[in-house]
Amino acid sequence: MARGYQGAQGDVKAFTMKKWFNTNYHYMVPELDDDMELKLRSDAFLDGFHQARSLGIQTKPVVAGPFTFLKLARCTGNKSATDFVDDILFAYADILKRCGENGVEWLQVDEPYLVMDLTMGDVALFRKLYQTLLEQKGTVKVLLQTYFGDVRDCYRQLCELPFDGIGLDFVEGKQTAALVAANGFPKDKILFAGLVNGKNIWRTNYKDVLERIAGLKSCCDHIVLSTSCSLLHVPYTVKNEPQLSTEIIRHFSFAYEKLDELRELCCLAELADYSCDRRYLQNQELFQTSELRTDTEVQKQVAALTESDFTRRVPRKERQATQKELLNLPLLPTTTIGSFPQTKEVMQNRTKFRKGEISEEEYRNNAKGFIRDCIALQENIGLDVLVHGEFERNDMVEFFGENLSGYVFTIGGWVQSYGTRGVKPPIVFGDVKRKKSITTDYIRYANSLTDKDVKGMLTGPVTILNWSFPREDISTQEMMYQIGLAIREEVLELEAAGVRIIQIDEAALREKLPLRRADWHSDYLNFAIKAFRLCHAKVKPETQIHTHMCYSEFEDIIPEIDAMDADVITFEASRSKLTILDSLMAHHFETEVGPGVYDIHSPRIPSVEEIEAALRLMLDKIPADHLWVNPDCGLKTRGETETVASLKNMVQAAKNIRNECKGDI
């Protein structure tokens, strides 16, 4: 399901993969077939419970709730999600039954979809599910847990249903406190109050939380203090970071430390006067004397920005005509997204340099050797626009953070992204600016090896910030503009070095989009789009700006993506069944576009015929002179053999379709 299958028993594509709400964690979209039987197939959800109990620790099993499951599932036939209600109720009733048989006191049922914009039909479905299910809970207490926002569309219904506890997010839930204050909280239920941020790594301000707890006590008889969401999204412990100074590390709270914070906050909340308690005073000292570094020059640059800093002088249609003449690319030009497979030799080169076993000069020469081989490979395959392969980069965000002031880095700060893949987000610790040239030397070298254009490859400010742990003392907009100014310097340096195509990846643009539509423009989209435009607004009309987005749902923000004013955009499309094509056509999308023609998160090799079919479907919706041909995403995680075979098939398919449609242009 996750990787697809290609072998003697058939050829099966992988399931669609999407971001988990507004995080960088991914999930596979469940597929419900018309003839599918839904039932509980094992007691695996109790394994951790039994292991903990053998150590004398009573825990609560946690399962994804039926409402969220049905809302996120994809129906592949004629049935809709509501047709599976009876089946899924039977499966969850079995979960409750087995919990009772195994001595479970509390079962936590996660329903994060409740923080989305809900229709009356959604609320009715939720009520139907739980009115039936809770009748069968027996002796098991059920905690209904929400996170990533507030439950403004269904708070009253939650309170009316016979849950034993309700978990609410007071960190990202903008209206959570107001909902509880205005409507009260049922006396027969326990409030699990998410007051400690489960998604960021900064110490909690005890003053703010204790004041909130005091307010909740006036309307809630029973309160359990909790994190705002699962601690999956933060690293394990600061104890794994001996390289960081005391002045820096004392500001951080990873998962282990957040448990200490919860314990201290519970103790302080029970005191008649906590203001003189040592734990409270030590905490408050962190927020009175900030160690965050400031750079007045950067702050002045951001303050001085005007509309001209976000606007290219020549309209896109005029630029596209100039670029087509200058670049002289064929119809349906082929390219890749950026990275090539990170082989054992590439990783060994990085490891040896990090350990001091080779000099920086040796490291860079080795990287240039990988680039030389990559350029030769792409020319042999027949790609039209080449990339240098990104062999000098450990990660598309961390690499840039290492070349920007204001960042600090962990060595053990891994968090799960999908499957067994982890990421190690850098931390924005102060004002950000570019310290030195970052990519130009490698791109210039790659360009010298070929007569074809090699794209300059950069990560955009929105993605750099969204895939970092951000500061909490300044606004998201301020941080994005600071990073945008730094990337602009790199863009202009690449242009001056003769690079005619520059790709500024914004893979995470949609990731931090507020979950409720009412908050999109006021909170995020306006300045996120401007932060991207800040990077490229000063380039010449003939310089072609590309961007890339992956593993998000874009259909509802197509006009905003067009407003980024890039010349070309590539994005993940194959796992989402190319559903975005209708939205592009409906909104008269002006940007040239490259929907991914095959899935790079699967090792299966797409056939020429499969890619041709995808291109024909695209050409029904997109003009041929606006269509690029490329994989879904970068090839960093793929093997060399499958990569070469897939790209050869992609190039051949593009040539075949190019010949078919030449007569129509």
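Student: How do the axes of helix α22 and helix α23 cross, and within what distance do they come?

Tutor: Some ground rules come before the answer. This is a predicted model, in which local features need pLDDT of at least 70, side-chain atom pairs count only at pLDDT 80 or more, and totals for chains, interfaces and linings use all residues. Residues are numbered from 1 along each chain as its sequence is written, and side-chain values use heavy atoms, with hydrogens and water left out. Helices (H or I, at least four residues) and strands (E, at least two) are DSSP runs, numbered from the N terminus. Axes are lines fitted to C-alpha atoms, for helices over the stretch in contact, and angles run from 0 to 180 degrees between N-to-C directions. Now the case. The axes of α22 (residues 608–619) and α23 (residues 640–661) come within 8 Å and cross at roughly 45°.

Student: What does that angle make α22 and α23 to each other?

Tutor: Angles under 35 degrees count as roughly parallel, over 145 as roughly antiparallel, 65 to 115 as roughly perpendicular and the rest as oblique. α22 and α23 are therefore oblique to each other.

Student: Is the crossing of α22 and α23 left-handed or right-handed?

Tutor: A crossing is left-handed if the near helix is turned anticlockwise from the far one by less than a right angle, and right-handed if clockwise. α22 passes α23 in a right-handed crossing.

Student: Which residues make the contact between α22 and α23?

Tutor: Contact means heavy atoms within 4.5 Å. From α22, the contact uses Val608, Ile611, Glu612, Leu615, Arg616 and Leu619. From α23, the residues include Ser646, Met650, Ala653 and Ile657. For classes, Ala, Val, Leu, Ile, Met, Phe, Trp, Tyr, Cys and Pro count as nonpolar, Asp, Glu, Lys and Arg as charged, and the others, Gly among them, as polar. This contact divides into eight nonpolar, four polar and three charged residues.

Student: How do α7 and α9 cross?

Tutor: The axes of α7 and α9 (residues 255–269) come within 10 Å and cross at roughly 55°. That makes α7 oblique to α9. The crossing is right-handed. Among the contact residues are Val209, Leu210 and Ile213 of α7 and Leu265 and Leu268 of α9. The classes are seven nonpolar, no polar and three charged.

Student: And at what angle do α13 and α14 cross?

Tutor: Helix α13 (residues 344–354) and helix α14 (residues 360–381) cross at roughly 165°, with axes within 10 Å. The two are therefore roughly antiparallel to each other. α13 passes α14 in a left-handed crossing. Contact residues include Val346 and Phe353 of α13, and Tyr363 and Phe370 of α14. By class there are five nonpolar, two polar and four charged residues.

Student: What is the strand order in the open sheet of six strands?

Tutor: Two strands pair if DSSP finds at least two bridges between them. The order is β6-β8-β9-β10-β11-β12, with parallel pairing. The edge strands, β6 (62–64) and β12 (223–227), each pair on one side only. Neighbouring strands are turned by 25° against each other on average, direction ignored. Three bridges join β6 to β8 (residues 106–110). Ala64 stands opposite Asp110 in β8. Helix α3 (residues 85–101) packs on the sheet, touching β6, β8 and β9 (141–145), and its direction makes about 155° with that of β8.

Student: What is the order of the five strands in the other open sheet?

Tutor: The order is β17-β18-β19-β20-β21, and the pairing is parallel. β17 (456–459) and β21 (592–595) each have a single partner strand, so one side of each is left without a neighbour in the sheet. The twist averages 20° from one strand to the next. Inside it, β19 (residues 544–549) and β20 (residues 568–571) pair over four bridges. Thr547 stands opposite Ile569 in β20.

Student: Where is there a hairpin?

Tutor: β14 and β15 form one, with two residues between them. Gly419 in the turn has a positive phi of about 55°. Three bridges join β14 (residues 415–418) to β15 (residues 421–423), which run antiparallel. Gln416 stands opposite Gly422 in β15.

Student: How many salt bridges does the count come to?

Tutor: A salt bridge is a side-chain nitrogen of Lys or Arg within 4 Å of a carboxyl oxygen of Asp or Glu. By this rule the count is 55. One of them joins Glu211 and Lys207, at 2.8 Å from N to O. Being four residues apart in α7 (residues 206–217), Glu211 and Lys207 are separated by about one helical turn.
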